[in-house]
Amino acid sequence: MGARGFFALLALFVLSSATATGYFIHRLRVETLSYHLRIAEMQVRTFEDHLTQSVLVTDQMMVNLADTENLERPAPDLRAILRRSIANLPQVRSLSVLREDGQVLASSSAGNEGQRLGFTDPQPALDGDEGLLQVAGRWLGRDFSSGQAVSQASAEAVQEARDLGFIPLLRKIKSGGHRYTLVAALNPDYFVQKYRERLLQSPGDLHVLRYDGLPLFGTSAAMQWGALRAEDWDPLALSEREMGSFDDAEHNELTAYRTSRLYPLVLVLRLKRGDALTEWRKDALRFSAMAALIILSISAFAILFFFHQRRLGEQRAAAVLAEKERLGAVLDALPAMVFMIGPDSRYRFINRAAREFFSGEGLPQLNNGEYGTDAASRYLRQCNPTLFDRHADEMRQLMAGKVDQVFSEHTMQLREGLRWHQLMARRIEAEGAEGVVAMVSDITGRKDAETQLHLAASVFKASAEGILVTDEAVNVLSVNAAFTQITGYTSEDMIGQNPKKLASGQHHAAFYKDMWLALKEKGLWQGEIVNRRKNGRIYPEWLTISAVRDDLGKVCNYVGVFSDITERKASEERIRHLSEHDFLTGLPNRILFQDRVSHVIAHSERNGARFALLFIDLDRFKTVNDTLGHHIGDLLLKEVANRIGTCVRSTDTVSRQGGDEFLVLLENIEQPEDAGRVAEKLLERLADTCVLEGHELHITPSIGIALYPEDGRDMTTLIKHADVAMYHSKEHGRNTFHYFTSAMNATANERLLMEHGLRRALENGELEMHYQPLVALVGQKVVGAEALMRWRHPDLGMVPPLKFIPVAEECGLIVSLGEWALREACKQGAAWHAAGWTDLTMAVNVSAPQFAQEDFLDAVRAILADTGYPPERLEFEVTESLLIVSSEVLRANIEGLRGLGIRLAIDDFGTGYSSLAYLRKLPIDKLKIDRSFVRDVTLDADDATITTTIVQMAHSIGLQVLAEGVETQGQLNFLQSHGCNEVQGFYFSPALPAVTFTAYLERNNGIAAQSAEATEST
C-alpha cells in the first residue's frame, strides 16, 4: 500500500473513532437522565408509602376515638384521652375536638382550648360529611380566632412560623346526640425530615399537594407556602395516572410524581437536570480524553508501523533475492532431479542432478531457459515409451489446471541397468506466472529395502512362533498373529502395554533380574518361562529375547520370539512318567522306587527313623498266565496293584518290579510289628476272590520283610534281603510272610551259587541225560523213554531237577538247557533206533518259555536234521496251561510240530486247568496223570474216582493215557483194570543213564546182544 492510501485510511479511522466517541457520550447522557428519573420514581413511591401509612394511622386513631370514647366529658379528662391517643404518633402535633360552631372543646395542647377555628378553605368545612377524612390547607401559628389559614407569607413570616405550622386533618363524628369535628394537626416537618433521612441520591425538591392543586408542604423553603405554580400543574389529572415521570427540558427539570392510594394527596419530586448530569459531565470528559489519547496512540503506532513495514518490505525483497540464490544452491545439492517448467513448456530451472543425469546419458547440456523439453522427452520416450505417453498426458492436464499434482513410481532402463524412479509434480503460481515443479528421485534402494521389509513382514505374519516387538522402554509396538493365537491377546490388547501383562506370577524377582542382566551384558536371553494366557491359564514357553541397537550402540528395541511348549512339556512329562512308572499298573517302577528309597535312607540317617521294605510275589501266577492267557494275567496284576494301594498309607510307596513282583516301602514305622500288621492286611485283602471277565480267581502272595537299619543300611542290601525272606515264605507253604534272618541269607547264597554253577554246567559238561522207561500195560513192554536232565555238580554231587530247574527258569537258562536236552535226547534216540529199537518213543519235556520262542520250530527242525532222529517217534511233554493260551506263536509252533509228525502229551494232568471238554479241541495225543493222584489211588476214593474219570474221558476223545509215579503192584493193578494205556515209575525203574537204560531194554524186551553192544558204543 502506498503512503497516500495509508494516510487516507488513517484519517478515516480518526473520523470514525471521533464519531463513535460522540455517540457513546450522547447515549451515556440519555441513560444517565433515564437512570435519575427511575431513582426519582422510586424515591417518590417510597415517600408516598410512608405518608399514606402515617395519614392512615392517624385516621384510624381518630376513628377509634370516635367509636370508643364519650366526648361529653370534662375538658381535663378529654384532654388526657387526646394526649394518650397521639402519644405514639410523632407525625401529629396536636389532636383537638371542635363543636359544631368551631370552638375547640378540648385539645391535647391546652392553649388551643376555647379558641375558635375557622376555614377560608372551601373544602374542609366544619359541616362536612361524616365518615370522610378531610385535608385542609396549611395553618400557621396557634391562633384560631380569625379562622384564616395563611396561604402566602413573606420569608420572614414563614421563618417565624415554620415550627408552628401544621396540616389540619378533619373527621366529623357524632357522640351523645351532638356533632363534633376531630382535628389532627399533622406535622409537615416530620415528613420533610423523614424524606431527607431516606434520600437515596439526586437530591430534589419534594412537594405534597391536594387534588385541587393546593400545596400543603415541601422540602424547599421557597415552595412551602404555595410557590408551586398552579398553571403548570393539574393535580387532578395527575392523580388519574397514579404515578409517572418526565423530563421537563423547558424548565430544565426532571419530575416524578405519585398519587396517594387512599387520600386526596399528590407527591411531586423535582430535580434540576444540571444536578443529575454532574457525574455524566465528569465521565464524558474522562472518556473523551481517553478516546482522544487512544486515537492519537493508534495513529502514531500506525504511522510508525507503516514506515517499519516499508523498511521490512525492502529487507524482504533483498532476502527473497538471496533466498532464491540459496534455494538454487540447495536444489543443486539435492540428489533428486528438480525441474521447473513454465507455461510454454520450457525449463525455467534445472538443478545440477538433472543436468548431470542427462549429460551422463549422452544428451546435450541443458541450461535454464535455453532448451525446451524436446531432448529430454526423446530420451524418456526411448527408455520407456508407454510411461512417457502417460506422463505427457498427465503433464498436459497439470498445465491445464485439471489436476493439482501428479505422483508415480516407475522403472527406466538406463545404461547402468534397470532403475526405479519416483516422480512428484505439482502445479504452482509464483510471481504472477503459472508453472509446474517436478522432482524425480532414484528410489531403487528404497524399493529393494521395501522388498526386504515386505519379506520380513511376511515372515513376521506367517511365523508359527509368537513375536513381540517393544521400544527401548519395553512398551509393546507390535505382535504377530501367532502371538495372538498362543496368548489370546490381540494387538489392540497389547500395543502400548508392558509385556509383564503376560506374567504368571510363578517366577521370583531374581529370575527377571537375571534375565535383564543377561540382556544388558550380552544383548540376548533365552530360556523357559511360564506365562499366562488371556483366559487366565498358564502355559510354558521357550522364549528368546534380543536387544536391537542403533548405529550408536543404544538399545532401541527388544524382540521376543517364543513358542508354546505345552505339548512338548506334556510329552516330556509323559516320557518321564513312563520312564518312572510301570506301563501296566501305573505304579512307580524300579528306577523311581530306588530313588525314593534313597531319599528315605538319607532322611532316616539324619533323623534316626526306621522303615521297612516288603517284597511281594504272587503264588502260582504263572498258572493264571498259562491257563487263562496274558490278558487275564494283566488284569489280575492291575487288580492286585489296586488292592495293595488300599492297604498302605498315602506316604508309602508301592512299586511293581516286573512280572508278578511288587515292592512296598513303609516309611517311619515305630516297631517291626508295624510291617507285620501291614503284611497281614495284604494277605487278607489279596485273598478275596477276584472276578475278571467271568473268571473267578484266587490269588495268594508270598511276602518278605526287611527292616532298616537292622537288615541293611543301603537299598541293594535291603531289597536283596526282602527278596530272600519272600523266597523263604514260598518254601514254607506260600500265602504267608517272613522277616529276614541271617539263616535265610545263607539259603539265598546257596541258591545264588547254584545259579552261577548252572551257568557253567553247560560249558563244563556237567549236565547229563537219564531216561525212565515208559511201559505199556498190555504185555508190560517198554515202549518209550522219558528224557530227564541231571546235574552232576563237581562239589555237590548229583543235583536233582526239582532244585535246579526252578533256578534255571528264574534266571532265564531254561531255554538253553531245553535245547541242549532235546539235542541229547534225539541223539540218543537215533542211536537206539540204529541198534534196532525202532518202535521206541523218546519223550522230552519242553518248558513254556522254550515253546513260546518264535524260532522254536526252526531249532527243532535243525536238531532233527543234525541227529537223524525220526520226528514221528518224538513226543513233547508240555503243561496243559501252555496249550490253552491264545498266542499266534504258540499256535504256529503247534501246527508246525503236527506237520512234522511230532506227538504232544500233556504232563501233570489234573493239577492245572483240567478241562477235557476244552482239550478235545487241542492237537494232543496223550495225557499223563500226575503222580499226586496215582499215589493214593488204592487208598483214597476221590483219587481213584478222579483217575478213573480221566482215563475214561481221555479214551472217549481218542487220547492215550499214561500214569506217572507207579510204585506198587496195587497201583499197577488198578490202572490196568481201568484201561490205562501206559505207566512209568519206580515199580519198573527209576531214570537211568543211557548205558544202564540200554541194558534194561535188553533184559526186559529180549533184544539181541549185538543191539546192546551197539548201544554201548554210542
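Predicted model: local features only at pLDDT ≥ 70, side-chain atom pairs only at ≥ 80, totals over all residues.
Visitor: Does Gly979 count as buried, partly exposed or exposed?
Guide: The relative accessibility of Gly979 is 31%. Buried means under 20% and exposed means over 50%, with partly exposed in between. Because 31% falls between these limits, Gly979 counts as partly exposed.

Visitor: How many Å apart in space are Gly979 and Gln952, C-alpha to C-alpha?
Guide: Beyond its neighbours up to four places away in sequence, Gly979 touches Val951 and His955. Gln952 is 27 residues from Gly979 in sequence. From C-alpha to C-alpha, the separation of Gly979 and Gln952 in space is 8.0 Å.

Visitor: Is Glu964 buried or exposed?
Guide: Glu964 sits in the loop between strand E35 (960–963) and helix H31 (969–977). Residues up to four places away aside, Glu964 touches several others, among them Asp907, Asp908, Ile929 and Gln984. Its relative accessibility is 4%. Since buried means under 20%, Glu964 counts as buried.

Visitor: With the side chain of which residue does the side chain of Glu964 make a polar contact?
Guide: Lys928, Asp930 and Arg931 are among the residues that Glu964 touches. The polar contact between side chains has a length of 3.4 Å. The partner of Glu964 in this polar contact is Lys928.

Visitor: In which strand is the place of Ser702, and with which side chain does it make a polar contact of 2.6 Å?
Guide: Ser702 belongs to strand E26, which covers residues 701–708. Ser702 has a relative accessible area of 0% and so counts as buried. Residues up to four places away aside, Ser702 touches Phe615, Ile616 and Asp617, as well as others including Met726 and Thr736. The strand is E26, and the partner at 2.6 Å is Asp619.

Visitor: How are H25 and H27 oriented to each other?
Guide: Two packed helices are described by the angle between their axes and the distance between the axes. The axes of H25 (residues 856–867) and H27 (residues 888–900) come within 9 Å and cross at roughly 25°. Because angles under 35 degrees count as roughly parallel, H25 and H27 are roughly parallel to each other.

Visitor: How many nonpolar, polar and charged residues has the contact of H25 with H27?
Guide: H25 contributes Phe856, Leu857, Val860 and Arg861 to the contact, while H27 contributes Ala892, Asn893, Gly896, Leu897 and Leu900. By class, the contact has 6 nonpolar, 2 polar and 1 charged residues.

Visitor: Why are Lys282 and Glu279 separated by about one helical turn?
Guide: The side chains of Lys282 and Glu279 meet in a salt bridge of 3.8 Å, N to O. Lys282, at 42% relative accessibility, is partly exposed, and Glu279, at 46%, is also partly exposed. The separation is about one helical turn because both residues lie in helix H7 (residues 278–333) and are 3 residues apart.

Visitor: How many Å apart are the closest N and O atoms of Arg286 and Asp283?
Guide: Arg286 and Asp283 are 3 residues apart in helix H7, so about one helical turn separates them. Asp283 is partly exposed, at 29% relative accessibility. The two residues form a salt bridge, and its closest N and O atoms are apart by 2.1 Å.

Visitor: How many residues apart are Asp564 and Arg533?
Guide: Asp564 and Arg533 form a salt bridge with closest N and O atoms 2.9 Å apart. The pair links distant parts of the chain, Asp564 being in strand E20 (residues 555–564) and Arg533 in the loop between strands E18 (524–532) and E19 (538–549). Asp564 is partly exposed at 30% relative accessibility, whereas Arg533 is buried at 17%.

Technical notes:
Residues numbered from 1 in each chain as written. Heavy atoms only, no water. Helix = DSSP H or I, 4+ residues; strand = E, 2+ residues; numbered from the N terminus. Buried < 20%, exposed > 50% of the residue type's maximum accessible area, 1.4 Å probe, protein only. Polar contact = N/O pair within 3.5 Å; in protein donor to acceptor, adjacent residues only side chain to side chain. Contact = heavy atoms within 4.5 Å. Axes fitted to C-alpha atoms, helices over the stretch in contact; angles between N-to-C directions. Parallel < 35°, antiparallel > 145°, perpendicular 65-115°, else oblique. Nonpolar A, V, L, I, M, F, W, Y, C, P; charged D, E, K, R; others polar. Salt bridge = Lys/Arg side-chain N within 4 Å of Asp/Glu carboxyl O.
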